[in-house]
Amino acid sequence: MRLVVTGASGGIGAALVRIAKSRGDFTVGISRRPSEADVHHNCDVLDLDCLRKAAAEVGRVDGLALLHGHGDPGLWVKPISELDGDDFLDVFRVDVVGSFNVVKAFLPALSRDASVVLVSSTPGLVGDSYGIPYAAAKGALAALARSLAKALAPVRVNAVAFGPIATRWTTWISEEELEGFRGRTLLKRLGSPEEAAEAVYWLLSPASSYVTGHVLIVDGGESL
């Protein structure tokens, strides 16, 4: 497969690049920091011109994995009394508008049986007291995935709703709070970036060829 991965330098994105390359896939990384992808484009997901230039150079694409996200640790713990509209808009622009931009830029390059995977989260489906702007944006991404599945068929579009995965957000809170996240899962642990990436890879691959418009929950049973 020829796969494009945004957020390719992040925890889950980097893991997906490694998994795909180990299985013989050609990977294209898109992020503002270098990645281990076969080809890397230093694009911001809000820069549509940069994304279109990258798409023109890449050629045919079998899969888009949109793994980028807004990453301000201050918003994760900011109380409601201090949140304002710009906090929500900033996250929405990066997560939702950025994902739409990537799909729009690469749409002409997608093969007929291509797969697109967006990243939602379980807080985006059930809510959370942490990172409320993030939860709101991730809820919108689930809706965007379902809408794009209808609009772009037969291209498949799905989302993965992650629970607590051991990426950089774990450094934003105390060990006591982190233990609480572990305790709320049925498996009593955080998921690894590799486990998260495997779920994305399955949705990108022909193994999931009859799955579209779906939000796959990968959370260790946290949301049950």
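Biologist: What should I know about the model before we start?
Modeller: It is predicted, so local features need pLDDT of at least 70, side-chain atom pairs count only at pLDDT 80 or more, and totals for chains, interfaces and linings use all residues. Residues are numbered from 1 along each chain as its sequence is written, and side-chain values use heavy atoms, with hydrogens and water left out.

Biologist: Which residues of helix 1 are buried?
Modeller: Ile12, Gly13, Ala14, Ala15, Leu16, Val17, Ile19 and Ala20. Buried means under 20% relative accessible area (1.4 Å probe, protein chains only). Helices are DSSP runs of H or I, at least four residues, and strands are runs of E, at least two, numbered from the N terminus.

Biologist: And what covers them?
Modeller: The cover includes strand 1 (2-6), strand 2 (26-30) and helix 8 (193-204), among others. Contact here means heavy atoms within 4.5 Å.

Biologist: Switching to helix 4. Where does it bend?
Modeller: At Arg93, by about 35 degrees. The bend is the angle between axes fitted to the seven residues ending there and the seven starting there.

Biologist: What caps its N-terminal end?
Modeller: Asp84 does. A side-chain oxygen of Asp84 lies 3.1 Å from the backbone nitrogen of Asp86.

Biologist: New topic. How many disulfides are there?
Modeller: The search of the whole structure finds 1. Cys43 and Cys50 form it, with sulfur atoms 2.0 Å apart. The cut-off is a pair of cysteine sulfur atoms within 2.5 Å.

Biologist: Left-handed or right-handed?
Modeller: Left-handed, because the torsion about the S-S bond is about -80 degrees.

Biologist: Is Cys43 buried or exposed?
Modeller: Buried, with a relative accessible area of 3%.

Conventions
Buried < 20%, exposed > 50% of the residue type's maximum accessible area, 1.4 Å probe, protein only. Polar contact = N/O pair within 3.5 Å; in protein donor to acceptor, adjacent residues only side chain to side chain.
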